[in-house]
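Please walk me through this structure, one part at a time.

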Amino acid sequence: MAAAFDQAAQTGERLAPVRRTYLYIVAFVSLAATLAGIGSLVDTLARLWLGTAGETFGAFGYGRSVASSAGLLLVATPIFLVHWGLAQSRLTEASERASLLRKFFLYGASALSLTWLVVVAYALIQGIAALAFGQPLAQSLLWPAQWLSWIIMVAVNGALVAYWYAVLQSDGDFGNETRSGQIVRQIFMLFVGLAGLVLMLWGASGAAAIFLRLLVDATDPTWSGRWWQDRLADALTQLLLGGWLAYSNRAQWREIVAAHAQEGQTALRRLYLYAAVVIGAVATLTPAALLLRELLLMIFGDSTGALATLLDKLVTPLSFVPVGLTIWFWHWRILRQEANTYGESHEGATVRRLYYYLMAATGLALLWVGSVELLHALLDTLLTANSTIEAGAASVWHGPLANGLSLLAVGAPIWALHWRTTQRIAGETDTAGSAERAALPRKIYLYGVALVGALIILFQLAQVIYRLLLVLMGDASAPLVSTETAHQLADCLVAGIIWAVHLLALRGDTQREKSMPKAVETVQAAPAPDPTLQAADVTTAEEQRRLEEHRDALQAELAAVNRQLDALNAVR
């Protein structure tokens, strides 16, 4: 009898993934259908109840809409409740709580409810903010029916978000899941945190841009109007919702890191922090380059229009710089603190390398293009200085010069900072240096840059030699001394310098790797350890192995007893 129970329990364990796949897929699909039904039904009933006077149940397709929504709700809701109840009835099994499919469902359901909550709350808060800023309520075609629908859906999805979080907490492994469950949670938290960060960035910069535009408009005596109401309502809504998502996600993640130190060095945690740093850097450096370009054009005398027009062009870049700078340095500080406190795992080192080489490649691309633009502008000035040109044509080189200087000012520091950091690590003769030199991101970066530089030199220099050969053969229609030839030589010069720098780095890596075996031989030639200490280590290892085998046997016996009890309860 006991053998039969054991066999049945083992069969049930083998079929558990199939059962979970069925239950959680059906539960998720029926949950989504239930929310869609609730949303459509609530919206239709609110419009019918509080809509325009004269609208009846049979008008505007209300009857069909109610029937469709109610039918979907009456079918999907029982299906969800039955399958979710069956999944919850298995929580007595430890493997059920930690299963990957359960984590997928719970975080998928959390993402679904949270997305719906944010979308509906956005519309509701935006409407309230616009009303607070002076928009007449009578002008809103969404009042009061749509507002009532939004309030109900905010309550429904807010309750669901809280419920799924409570279920995750009650499973008992929140923050300390198995490897696969931890990855699912971290992916969810990564996307929630970055979504909140981007929303907050857009909201804060949008609000700053509105205030700057109001200051600019105040200088115009003919200015009038209240264009800023809807825009400021949108910006504050983005700021509020983004701030809530980013803050709650950050607070939750900090609690997990404080309780479980290994969380602080995981790859996805580091990926989130590096991604936040990149978002802040992009939001700072891109508008900074645009600002510098406009200022250079103004210095060169190429600014067109009145002062108000110029200030209006600078409003958007100015609004992004302080917000992006705050996000950049805030997350960089957190990243450094966690790296110093919790160390770096192998996966975390890979994420770090991806960040550094990606940023180095980005900075190098900006530096490369900026150098080429700058050289082209200088060559155009020199080659056309003595030629007869039309009035106003002398300012043709102002645009490329401003572009080149602004790209250089942004790209050179980015590349130099990240390149020097990676080179310092790769220059070490220890294990960390060897791992850095052998890392795939470094190889892709170095060989990729060398390949691009070689191809540019090949094609551009071939064109120059082609013109030279034509001139030597007496072809008068092939001008050798021209701006096009000068541009191609400039391209070759820049590409050659960058190509040489990275080839030298590759050569240095190879030479350092060749010197590594000497260190290995030195280690191998070291004195042999004390045999007494070796024997003690072996004894300790054998004792640990016996204890682990005894523990595993006890766990197996306990699992067998639990299976028998479950089988007896099922028979009763």
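The paragraphs below go from the whole chain to its details.

This is a predicted model, in which local features need pLDDT of at least 70, side-chain atom pairs count only at pLDDT 80 or more, and totals for chains, interfaces and linings use all residues. Residues are numbered from 1 along each chain as its sequence is written, and side-chain values use heavy atoms, with hydrogens and water left out.

Begin with the chain as a whole. It has 15 helices and zero strands. Both are DSSP runs, numbered from the N terminus: helices are H or I with at least four residues, strands are E with at least two. The chain holds 572 residues, and 38% of them are buried. Buried means under 20% relative accessible area, exposed means over 50%, and partly exposed lies in between (1.4 Å probe, protein chains only). Now take the contacts in the chain with a separation of 6 or more: 83% of them join residues 24 or more positions apart. A contact here means heavy atoms within 4.5 Å.

Next come the empty spaces. Rolling a probe the size of a water molecule over the atoms shows where empty space is left. The search uses a 1 Å grid over the protein atoms alone. A cavity is a set of points where a 1.4 Å probe fits but cannot get out. A pocket is an open set with protein on both sides within 12 Å along at least five of seven lines. Lining residues have an atom within 4 Å of a point. Grid points are joined across faces, edges and corners, and a volume is the space filled by probe spheres set on the points.

Look at the second largest pocket. It holds about 400 Å³ of space. Its lining counts 17 residues, and Val-161, Tyr-165, Phe-188, Ser-248 and Gln-252 lie nearest the centre. Which helices build this lining? Helices H4 (100–132), H5 (145–170), H6 (179–218) and H7 (228–259) each give at least two residues. H7 has the largest share, with six residues. By type, the lining has twelve nonpolar residues, four polar and one charged. In this count Ala, Val, Leu, Ile, Met, Phe, Trp, Tyr, Cys and Pro are nonpolar, Asp, Glu, Lys and Arg are charged, and the others, Gly among them, are polar.

Asn-157 belongs to H5. It is buried, because its relative accessible area is 0%. Leaving out residues up to four places away in sequence, Asn-157 touches Leu-35, Ser-113, Trp-116 and Leu-117. Asn-249 belongs to H7. It too is buried, with a relative accessible area of 5%. Beyond its neighbours within four places in sequence, Asn-249 contacts Met-189, Val-192, Gly-193 and Tyr-272.

Tyr-272 leads on to the largest cavity, which it lines together with Arg-250, Arg-269, Leu-273, Trp-330, His-331 and Ile-334. The whole structure has one cavity of 30 Å³ or more. About 50 Å³ of space lies in the largest cavity. Helices H8 (267–299) and H9 (307–342) each supply at least two of its lining residues. The lining divides into four nonpolar residues, one polar and two charged.

Stay with H9 for Trp-328, which is found there. Its C-alpha atom is 9.8 Å from that of Leu-273, 55 residues away along the chain. Not counting residues up to four places away in sequence, Trp-328 touches Val-277, Gly-280, Ala-281, Thr-284 and Leu-285.

Now step into a loop. His-260 has its place between H7 and H8. Which residues does His-260 contact, leaving aside its neighbours within four places in sequence? They are Phe-174, Gly-175 and Asn-176. Gly-175 is 85 residues from His-260 along the chain, yet their C-alpha atoms are separated by 7.3 Å.

Finish with a helix pair. Two packed helices are described by the angle between their axes and the distance between the axes. H11 (residues 398–426) and H12 (residues 431–438) pack at about 125°, with axes 7 Å apart. H11 is therefore oblique to H12. Axes are lines fitted to C-alpha atoms, for helices over the stretch in contact, and angles run from 0 to 180 degrees between N-to-C directions. Angles under 35 degrees count as roughly parallel, over 145 as roughly antiparallel, 65 to 115 as roughly perpendicular and the rest as oblique. H11 brings Thr-422, Ile-425 and Ala-426 to the contact, while H12 brings Ala-432, Gly-433, Glu-436 and Arg-437. These residues divide into three nonpolar, two polar and two charged.
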